[in-house]
Amino acid sequence: MTLEAIIFDMDGVLIDSEKFYMESEQLILKSFGIEVEPLHFRKYCGTTQDYIWSHIKEEFDLPVSVAELKEIAPEYLLKLFKEKGVELIPGVKKVVTDLADSPLKTAVASSTGKKLIKEHLTELDIVTCFDTLQSGEEVEHSKPAPDVFLKAAEVLGVKPENCLVIEDSRNGVLAAKAAGMTCIGFNNLNYPPIDIKEADEIITDMSVLTLDFLKEGYKNSKLI
């Protein structure tokens with residue numbers, strides 16, 4: 001097998017944004033009189049809004065519909081983005097610009113909506129580094145199902161076994177492996193570690209993802 005494509009998750013891999021999702025979920029529950037620490041919601045990282053709010057509604061027995069929760073969630077989230085700003089994960093800019101100049105194809109496969117993916121990556125000046133942007137909101141099943149990764153591979157015209165995924169969440173790693181892809185897990189040392197032991201390799205610094213490192217990681221993966 002030959003490595004032909006690199007597929008990146010966005011939140012927590014390319015941009016330091018997952019803290020805003022967790023904080024917005026905390027604030028929404030607070031509006032219902034429920035006090036929960038933001039890190040409680042880390043288990044939902046990497047999943048779609050449908051998945052998140054259906055599970056939170058059930059867990060806390062919220063008196064509103066999932067549709068209503070999904071409607072108010074962007075207000076809280078966008079306010080945090082505007083107030084605090086979104087930044088690239090250190091090392092990412094060089095990684096993706098170098099890959100854009102390489103023979104490998106590149107994609108983003110995120111559970112975030114397509115509009116917000118484009119806005120973030122355009123604002124941070126890396127949107128042109130990717131051949132395609134795929135949203136989990138546009139496939140049938142959220143991560144940990146493999147749908148969004150399989151869609152990215154299909155659009156790139158690459159077989160799943162020739163793809164390598166960069167993920168930071170357990171749901172994302174499980175989705176990548178379910179898709180039959182090699183996966184490098186990223187544990188951000190600024191946050192408590194997540195169990196991503198199913199990844200073929202785990203890194204704590206995005207800047208190590210040189211072309212040679214990626215090829216070596218793919219060659220040594222559990223798929224081969």
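**Figure 1. Domain 1 and domain 2 bury about 1,500 Å² between them.** Of this area, 52% is on carbon and sulfur atoms. The model is predicted. In domain 1, three residues lose the most area to domain 2: Asp16, Asn171 and Tyr191. Together they make up 27% of what that side buries. The domain assignment gives domain 1 as residues 5–16 + 88–216. Domain 2 covers residues 18–84. The contact takes 19 residues from domain 1 and 17 residues from domain 2. Between the C-alpha centres of the two domains the distance is 23 Å.

**Figure 2. One salt bridge is found across the interface of domain 1 and domain 2.** The view shows Lys19 and Asp16, which form a salt bridge. Their closest N and O atoms are 3.3 Å apart. Asp16 is also among the residues of domain 1 that lose the most area to domain 2. Across the interface there are also nine residue pairs in polar contact. What kinds of residue make up the side of domain 1 that touches domain 2? Six are nonpolar, eight are polar and five are charged.

Figure 3. The side chain of Asn171 reaches the backbone oxygen of Cys45 at 3.2 Å. Asn171 also touches Lys43, Tyr44 and Thr47. Two further residues that Asn171 touches are Lys143 and Pro144. In domain 1, Asn171 is one of the residues that lose the most area to domain 2.

**Figure 4. The peptide bond from Lys143 to Pro144 is cis.** Its omega is near 20 degrees. Most peptide bonds are trans. Where does Pro144 lie? Pro144 is in the loop between strand E3 (132–135) and helix H6 (147–156). Both Lys143 and Pro144 touch Asn171.

**Figure 5. Helix H7 has buried residues, and other elements cover them.** Which residues of H7 are buried? They are Asn171, Gly172, Val173, Ala175 and Ala176. An α-helix has 3.6 residues a turn, so residues three or four places apart point the same way. What covers the buried residues of H7 includes H6. Strand E4 (163–167) and strand E5 (182–186) are also part of this cover. After H7 comes Gly180. The phi of Gly180 is positive, near 80 degrees.

**Figure 6. Asp61 has a positive phi although it is not a glycine.** The angle is about 50 degrees. Most residues other than glycine have a negative phi. Asp61 lies in the loop between helix H2 (49–60) and helix H3 (66–84). Is Asp61 buried or exposed? Asp61 has a relative accessibility of 66%. Exposed means over 50%, so Asp61 counts as exposed.

**Figure 7. Asp125 has a positive phi of about 65 degrees.** Asp125 is not a glycine. Its place is in the loop between helix H5 (114–123) and E3. At 53% relative accessibility, Asp125 is exposed, because the cut-off is over 50%.

Key: Residues numbered from 1 in each chain as written. Predicted model: local features only at pLDDT ≥ 70, side-chain atom pairs only at ≥ 80, totals over all residues. Heavy atoms only, no water. Domains from an automatic or database assignment. Contact = heavy atoms within 4.5 Å. Buried area = accessible area lost by both parts, 1.4 Å probe. Salt bridge = Lys/Arg side-chain N within 4 Å of Asp/Glu carboxyl O. Polar contact = N/O pair within 3.5 Å; in protein donor to acceptor, adjacent residues only side chain to side chain. Nonpolar A, V, L, I, M, F, W, Y, C, P; charged D, E, K, R; others polar. Helix = DSSP H or I, 4+ residues; strand = E, 2+ residues; numbered from the N terminus. Buried < 20%, exposed > 50% of the residue type's maximum accessible area, 1.4 Å probe, protein only.
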